[in-house]
Amino acid sequence: MLDIYDYIAGWAVYIAAGAVCYMIFYRLTGAIKFKPLANSLRAILIALMFTPWYVSPEADLLAPALMVMMLDMVTLGGSAFVRALVPLSMAIMFGVLVTLSGALIKRLLRRSEKRSAP
C-alpha cells in the first residue's frame, strides 16, 4: 500500500512530466497562425492532463480525471466513467471559454487603440 509520501512523489513526477509534454506541445502549436485556435488547443491539453478527480467515491485520494475516467470505463464499465467525465468536460469548457474571451478582449483593446490614435 502506498503511503502519503509515495502519493506526493507520484504527483510530483506526473506534474513534471506533464509540464515537459506541455512545453513540447506549446512549441508545436506555435506554428499555427490563428492564435485563438492554438491557445484553445493548449487550454484543452492543460485541462486533459491536469484536472484532478477522486479515485473512488469513498477515497479522498486524487488522480488525473482522464485516467480515472478511463479506468472506470475499463474496470466498472457502463456509465461509471461519467463520474470523472463531468469535471473534465467542465474544465475543458472553462479553459476554452477563458482562452476565447481573452482573444476577444485583446482584439477589442487593439481596435480601440487604433481608433484613438490619430
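Let's start in helix α1. Trp11 and Tyr14 both sit there, three residues apart, about one turn of the helix. Helices here are DSSP runs of H or I with at least four residues, numbered from the N terminus.

A word on the model. It is predicted, so local features need pLDDT of at least 70 and side-chain atom pairs count only at pLDDT 80 or more, while totals for chains, interfaces and linings use all residues. Residues are numbered from 1 along each chain as its sequence is written, and side-chain values use heavy atoms, with hydrogens and water left out.

Is Trp11 buried or exposed? Trp11 is buried, at a relative accessible area of 17%. Tyr14 is partly exposed, at 23%. The cut-offs: buried is under 20% relative accessible area, exposed is over 50%, and partly exposed is in between, with a 1.4 Å probe and protein chains only.

The structure holds four aromatic pairs. For Trp11 and Tyr14, the ring centres are 5.7 Å apart and the planes stand at 90 degrees, so this pair is edge-to-face. Rings of Phe, Tyr and Trp (its six-membered ring) pair if their centres lie within 6.5 Å; planes under 30 degrees apart are stacked, over 60 edge-to-face, and the rest tilted.

Tyr26 is partly exposed, with a relative accessible area of 43%.

One more residue in α1 is Asp6. Asp6 is partly exposed, at 41%. Its C-alpha atom is 29 Å from that of Met90, 84 residues apart along the chain.

Now the helix packing. How do α1 and α2 cross? Helix α1 covers residues 4-29 and helix α2 residues 35-50; their axes come within 10 Å and cross at roughly 165 degrees. Axes are lines fitted to C-alpha atoms, for helices over the stretch in contact, and angles run from 0 to 180 degrees between N-to-C directions. The two helices are therefore roughly antiparallel. On the cut-offs, under 35 degrees is roughly parallel, over 145 roughly antiparallel, 65 to 115 roughly perpendicular, and the rest oblique. The α1 and α2 crossing is right-handed. That term means the near helix is turned clockwise from the far one by less than a right angle; anticlockwise is left-handed.

Who touches whom? In α1, the residues include Tyr14, Tyr22 and Tyr26, and in α2 they include Leu41, Arg42 and Phe50. Contact means heavy atoms within 4.5 Å. By class, this contact has 13 nonpolar, two polar and two charged residues. Ala, Val, Leu, Ile, Met, Phe, Trp, Tyr, Cys and Pro count as nonpolar; Asp, Glu, Lys and Arg as charged; the others, Gly among them, as polar.

Next, α2 with α4. The axes come within 8 Å and cross at roughly 155 degrees. That makes α2 roughly antiparallel to α4. This crossing is right-handed. Among the α2 residues are Pro36, Ser40 and Ile44, meeting α4 residues that include Leu88, Gly95 and Thr99. The classes are eleven nonpolar, four polar and no charged residues.

Last, α3, residues 65-75, and α4, residues 82-116. Their axes come within 8 Å and cross at roughly 155 degrees. The crossing of α3 and α4 is left-handed.
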